[in-house]
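Please keep the sequence and the structure in view while reading.

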Amino acid sequence: NENTDISASLKGEYYASGAKTYSANGALKFGSSSVAGVLTTVPLNLSEPFTVIVKAKKYGSDNAKIKAVVGEASQQITLTADYAYYGIEFEAATKKSSLTLEAVNTSDCRFYIDELQVVAGHDVVLPTLPPVLTVSSSELVVSHEASTQTFTYSVANPVEGVSATVTDNVDWIT
């Protein structure tokens with residue numbers, strides 16, 4: 001949910017500790033340049049197979065690999081520079097198990113978490129992020145003389161089979 005402030009909604013009620021964990025624009029920022037960040041949930045009923053769904057990204061150019069730990073089981077994911085959803089599957093644990101999310105390295109491994117869910121089962125369809133169109137210029141100035149104007153664009157989270165188009169409402173522009 002775009003309007004969810006994970007740093008407020010998780011505080012105290014869902015996690016027990018968060019060493020080097022900071023509130024950052026509605027997300028949680030983990031770690032500093034020299035100390036890894038850690039989040040441990042309160043005990044959860046994880047007595048059936050489950051999936052941890054996390055929307056996260058790395059901080060700047062840090063080499064962000066995070067580890068999800070439940071009991072003796074752990075799994076790693078490598079984060080990208082943009083927010084993405086990751087699914088981490090675990091087999092059943094116990095009725096009172098905590099989930100810990102932590103950086104794999106102790107330095108230069110900062111990251112953000114914007115959403116965190118623990119859901120039953122393994123047949124989980126991860127949410128998708130909406131496409132975002134970025135244009136190099138919001139305005140083109142065209143003179144009365146013939147000329148070529150250029151702009152660039154990029155699409156984050158593209159949708160297969162969908163493309164961007166440019167249209168005009170006058171017949172003298174091609």
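Leaving aside neighbours within four places in sequence, Pro 131 is in contact with Val 155, Ala 156, Asn 157 and Val 159, where contact means heavy atoms within 4.5 Å. The place of Pro 131 is in the loop between β10 and β11; helices (H or I, at least four residues) and strands (E, at least two) are DSSP runs, numbered from the N terminus. Pro 131 counts as partly exposed because its relative accessible area is 46%, given that buried means under 20%, exposed over 50% and partly exposed in between, with a 1.4 Å probe and protein chains only.

The model is a predicted one, in which local features need pLDDT of at least 70 and side-chain atom pairs count only at pLDDT 80 or more, while totals for chains, interfaces and linings use all residues. Residues are numbered from 1 along each chain as its sequence is written, and side-chain values use heavy atoms, with hydrogens and water left out.

| Pair | Separation in sequence | C-alpha to C-alpha distance |
|---|---|---|
| Pro 131 and Ala 156 | 25 residues | 5.6 Å |
| Thr 40 and Thr 100 | 60 residues | 4.3 Å |
| Leu 140 and Thr 150 | 10 residues | 8.4 Å |

For the protein as a whole, residues 24 or more positions apart account for 68% of the contacts with a separation of 6 or more.

The secondary structure comes to one helix and 12 strands, and when the pattern is read along the sequence, it is α-β-β-β-β-β-β-β-β-β-β-β-β. Of the 174 residues of the protein, 29% count as buried.

How are β2 and β3 joined? Four bridges join strand β2 (residues 21-24) to β3, and the two run antiparallel; strands are said to pair if DSSP finds at least two bridges between them. Within this pair, Tyr 22 stands opposite Lys 29 in β3. The two strands form a hairpin with two residues between them, and Asn 25, in the turn, has a positive phi of about 55° although it is not a glycine. Most residues other than glycine have a negative phi. Asn 25 also counts as exposed, because its relative accessibility is 84%.

On its other pairing, β3 meets β10 in the antiparallel sense over three bridges, and here the bridge partner of Leu 28 is Ile 113 in β10. In a regular strand the side chains alternate between the two faces of the sheet.

Which residues touch the most other members of the largest nonpolar core? Of its 24 residues, they are Val 54, Ile 77, Leu 79, Ile 88, Phe 90, Phe 111 and Ile 113; such a core is a set of buried Ala, Val, Leu, Ile, Met, Phe, Trp, Tyr and Cys residues joined through side-chain atoms within 4.5 Å. At least two residues of this core are supplied by each of β3 (27-30), β5 (50-58), β6 (65-70), β8 (84-90), β9 (99-103) and β10 (111-120), and β5 gives the most, with four residues. Beyond its neighbours within four places in sequence, Phe 90 is in contact with residues including Pro 49, Val 52, Ala 68, Val 70, Gln 75 and His 122.

The largest pocket is lined by 16 residues, of which Leu 140, Val 142, Gln 149, Ile 173 and Thr 174 lie nearest its centre. On a 1 Å grid over the protein atoms alone, a pocket is an open set of points where a 1.4 Å probe fits, with protein on both sides within 12 Å along at least five of seven lines, and lining residues have an atom within 4 Å of a point. Leu 140 is found in the loop between β11 (132-135) and β12 (153-156), and counts as partly exposed because its relative accessibility is 38%. Setting aside neighbours within four places in sequence, Leu 140 is in contact with Gln 149, Thr 150 and Phe 151.
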